Amino acid sequence: MTETPLVTLEGVGKTFGKQLLVQSRSFALSDVNLVVNRGEVVGILGESGSGKSTVANIITRLASYTAGTYRYDGRDVAGFAKSDAFGFKARVQIVFQDPFGSLNPRATVGASIMEGLALHKPELTKAQRQTRAAQLLEEVGLPADCSDRYPHEFSGGQRQRIAIARAIAVEPELLVCDEPLSSLDVSIQAQVLELFVKLIRERDLTIIFISHDVNVVRLICDRVYVMNQGRIVEEGTARDVLTNPQNEYTARLLAAVY
Ligand code: ADP
Ligand code: MG
């Protein structure tokens, strides 16, 4: 028996702008079919503007879609009751490109990490939440005693580590990473990538890793979808797609790297 995929997008589309005027419709996404199985690390590769973030925002329910069906763990999210929507917020977390934008500048690092815990793990006492926050900081490679500091006191790479700690605090089953390395200095990218490699190894996570970097996708992803102009143009195992692309656009992306 095959297990139900965590994410199933079927014919998902999204238009921005006025729906009724055909000539003013701009298509952000068309007919996106995508499956993510439990335990997989799935890459979404594509150039800027290809629709990757729109897919990430739909999957995390931060954005709506205008066509098709999205099933999470076998259930159509369009039919979610309030309680399903609440539970979903703990099951699916996102790490954005810019950690500064995603962290509240007026909240201490510890408070940011504990916010989700208070909501989704109400059985924990405040002391237990604090202990958990310190453990999470250590897990992502930061000093456990930096809970009382503020985001601006950290470097970009450290801030991304904080955003990752906050995302995994509620023990999500799916972590969507939308170009989490792209805002970082090149010298820092490899270190944060190492952290993702460690999390994949040590935690029971399913990951969607969005990137425009072929080498990053090659390193950590089991399967990959390639997007161009709002469509998926190729999919397959990372090895197949990145060594023997069947699509001309993918081939051009790869050629640009070497
Ligand atoms: P990527 O993450 O691959 O760079 P995006 O998903 O951000 O791509 O954008 C895909 C397309 O959708 C782009 O053409 C972009 O201009 C358009 N788009 C994204 N967000 C909006 C929006 N809020 N309003 C109008 N168009 C948008
Ligand atoms: Mg994007």
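This is a predicted model: local features need pLDDT of at least 70, side-chain atom pairs count only at pLDDT 80 or more; totals for chains, interfaces and linings use all residues.

Student: How many bridges join S4 to S5?

Tutor: Strands count as paired if DSSP finds at least two bridges between them. S4 covers residues 67-72 and runs antiparallel to S5. In their hairpin, which has two residues between the strands, Asp73 takes a positive phi near 50°. The number of bridges joining S4 to S5 is two.

Student: What is the bridge partner of Glu10 in S4?

Tutor: S1 and S4 pair in the antiparallel sense, over five bridges. Within S4, the partner of Glu10 is Thr69.

Student: What is the order of the strands in the open sheet?

Tutor: The sheet has four strands with antiparallel pairing. Its edge strands, each pairing on one side only, are S2 (26-36) and S5 (75-76). The order is S2-S1-S4-S5.

Student: Which strands does H1 touch as it packs on the sheet?

Tutor: H1 spans residues 52-59, and its direction makes about 120° with that of S1. Contact here means heavy atoms within 4.5 Å. Angles run from 0 to 180 degrees between N-to-C directions, and axes are lines fitted to C-alpha atoms, for helices over the stretch in contact. The strands touched by H1 are S1 (7-16), S2 and S4.

Student: Is Asp31 buried, partly exposed or exposed?

Tutor: Asp31 is found in strand S2, and its phi is near 45°, a positive value in a residue other than glycine. Buried means under 20% relative accessible area, exposed over 50%, and partly exposed in between, with a 1.4 Å probe and protein chains only. Because its relative accessibility is 48%, Asp31 counts as partly exposed.

Student: What is the relative accessible area of Glu171?

Tutor: Glu171 lies in the loop between H6 and strand S7 (174-178). Although not a glycine, Glu171 has a positive phi of about 50°. Glu171 is partly exposed, with a relative accessible area of 45%.

Student: How are H4 and H6 oriented: roughly parallel or roughly antiparallel?

Tutor: H4 (residues 109-120) and H6 (residues 156-169) pack with their axes 8 Å apart, at an angle of about 20°. Angles under 35 degrees count as roughly parallel, over 145 as roughly antiparallel, 65 to 115 as roughly perpendicular and the rest as oblique. The angle therefore makes H4 and H6 roughly parallel.

Student: Which residues of H6 meet H4?

Tutor: On the H4 side, the residues are Val109, Ser112, Ile113 and Leu117. Their counterparts in H6 are Ile162, Ala165, Arg166 and Ala169.

Student: Why is H4 described as it is relative to H5, and what is the term?

Tutor: The axes of H4 and H5 (residues 126-139) come within 9 Å and cross at roughly 120°. That angle is why the term for H4 relative to H5 is oblique.

Key: Residues are numbered from 1 along each chain as its sequence is written. Chains are lettered from A and ligands numbered from 1 in the order in which they are written. Side-chain values use heavy atoms; hydrogens and water are left out.
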